[in-house]
Amino acid sequence: MFLNAQPNKAGSLNIGLMGGTFDPIHMGHLVTAEEARQQFDLNYVVFVPAGTPPHKDEKTVSLPEHRYLMTSLAVMSNPSFFVSRLEIDAVGPTYTIDTVRHFAFGDDSGPELFFITGADAILEIFTWKDYEKLLHLATFIAVSRPGYSLDHFYETLDRTAPNMRHKVHLLEIPALAVSSTFIRERVTLSKTIKYLTPEPVEQYIRKHGLYRTGI
Ligand code: NAP
């Protein structure tokens, strides 16, 4: 996938894995990925739309192919952003440990990995499959919305994953005032979503009649 992979300024290969359901992807996700790319000196950010998230089912989430295509449309103009089909093509539930192992290339000389996702999701990391190995294999970037309580975040993290603060960075993104839920609700109410998500995504949602009846 990364035919032109070049080390960054520090001479290392740092890859961001942007995990999420992306139902749909929106400007907040894109601003997040770009901010993480710059702050953590990432060579690439690979968006990894979840297949069937372990804690959700197909009745509450749009089809994986729709979410994959919307994500691809959203990132097409950024040369540092890619989309992976890894979880989309997986049969059955997918787990972050398997995704991280895939991108680690199976040895210690592989790239340094940064897993980027919502702070609330990361606070539940102790319920994820093989979470201790996961914290060993990747650094986590926990993204929060404006007004999110830092005290609550670190208290919960210290309780659930003691001594792991150095592996989890909190990143507040003002543009994350937008959420996928907000966009879905607006579509259901026939309200405009212009400028909340890239125009091709907006067109895709309209063309395929997504979210019209609510999910
Ligand atoms: P979610 O419950 O749908 O989202 C939780 C919160 O985080 C929402 O407010 C969401 O906002 C936000 N969020 C999600 N992804 C984000 C991102 N990349 N950047 C910024 N904010 C984000 O969480 P999810 O999408 O199902 O899960 C997040 C990731 O954790 C996925 O990659 C999933 O596979 C992984 N996960 C793994 C396990 C496991 O391995 N056992 C268990 C749970 C989750 P929006 O709705 O606006 O995105």
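Mentor: In this predicted model, the chain carries 20 positive and 24 negative charges, and their mean positions lie 7 Å apart.

Trainee: What is the radius of gyration, and what would a compact globule have?

Mentor: The chain has 17 Å, which agrees with the value near 17 Å for a compact globule of 215 residues. The C-alpha trace spans about 50 × 40 × 35 Å along the principal axes.

Trainee: How many helices and strands are there?

Mentor: There are eight helices and six strands. Read from the N terminus, their order is β-α-β-α-β-α-β-α-α-β-α-β-α-α.

Trainee: Turning to α8, which of its residues are buried?

Mentor: Helix α8 covers residues 199-208, and its buried residues are Val-201, Glu-202, Tyr-204 and Ile-205. They lie on the same side of α8, because their arc around the axis is only 160°.

Trainee: And which residues are exposed on the other side of α8?

Mentor: Arg-206 and Lys-207 are exposed there.

Trainee: What covers the buried residues of α8?

Mentor: The cover includes α2 (64-75) and α7 (180-188).

Trainee: Which residue follows α8?

Mentor: Gly-209 follows α8, and its phi is positive, near 60°.

Terms used:
Residues numbered from 1 in each chain as written. Predicted model: local features only at pLDDT ≥ 70, side-chain atom pairs only at ≥ 80, totals over all residues. Heavy atoms only, no water. Helix = DSSP H or I, 4+ residues; strand = E, 2+ residues; numbered from the N terminus. Rg over C-alpha atoms; globule rule 2.2 N^0.38 Å. Lys, Arg positive; Asp, Glu negative; His and termini not counted. Charge placed at Lys NZ, Arg CZ, Asp CG, Glu CD. Buried < 20%, exposed > 50% of the residue type's maximum accessible area, 1.4 Å probe, protein only. Arc of directions from axis to C-beta. Contact = heavy atoms within 4.5 Å.
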